[in-house]
Amino acid sequence: QVQLVESGGALVQAGGSLRLSCAASRTISRINVMGWYRQAPGKQRELVASISSTSVTNYADAVKGRFTISRDNAKNTVYLQMNSLKPADTAVYYCNAYSGIYDSWGQGTQVTVSS
């Protein structure tokens, strides 16, 4: 498995921006899909955005147009740029790596958006 460490979570005002980072312990260029998920209290973990090894991206409807996922293979890092944040975006955000052989998760980073 690959070890994943998220960073960048913070308390931010509604309308503000954050960039989350996911640092991987080894190259991510051959990993099929890297993704960001989030989980709010009392709710199931849900997919926010994903990016494939060929740079095909997918976004949840709730974040489409506001969030952007990207990857830097040279730095073994995946990013989630979050703009126009809303209180409904408040959650713990988790990085995920799916290779078809393993499914790895980071420890999560807290994002809190105040009204």
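Let me begin with a pair of charged side chains: Asp89 forms a salt bridge with Arg38, and their closest N and O atoms are 3.0 Å apart. Asp89 sits in the loop between β8 (77–82) and β9, while Arg38 is in strand β4 (residues 33–39), so this pair links distant parts of the chain, 51 residues apart. Keep in mind that this is a predicted model.

Is this pair buried or exposed? Asp89 is buried, and Arg38 is buried too. For Arg38 the relative accessible area is 7%, and the cut-off for buried is under 20%.

Arg38 has another partner. It also forms a salt bridge with Glu46, with the closest N and O atoms 2.9 Å apart. Glu46 counts as partly exposed, at 38% relative accessibility.

Which residues make up the network of salt bridges? They are Arg38, Glu46, Arg66 and Asp89. In general, side chains of opposite charge can pair when their charged atoms come close.

The structure holds four salt bridges. One of them is between Lys64 and Asp61, where N and O are 3.7 Å apart. Lys64 and Asp61 are both exposed.

Now the cysteines. There is one disulfide, and it joins Cys22 to Cys95 with an S to S distance of 2.0 Å. The torsion about the S-S bond is about -85°, which means the disulfide is left-handed.

Both ends are buried: Cys22 has a relative accessible area of 1%, and Cys95 has 0%.

Note on methods. Residues numbered from 1 in each chain as written. Predicted model: local features only at pLDDT ≥ 70, side-chain atom pairs only at ≥ 80, totals over all residues. Heavy atoms only, no water. Disulfide = S-S within 2.5 Å. Buried < 20%, exposed > 50% of the residue type's maximum accessible area, 1.4 Å probe, protein only. Helix = DSSP H or I, 4+ residues; strand = E, 2+ residues; numbered from the N terminus.
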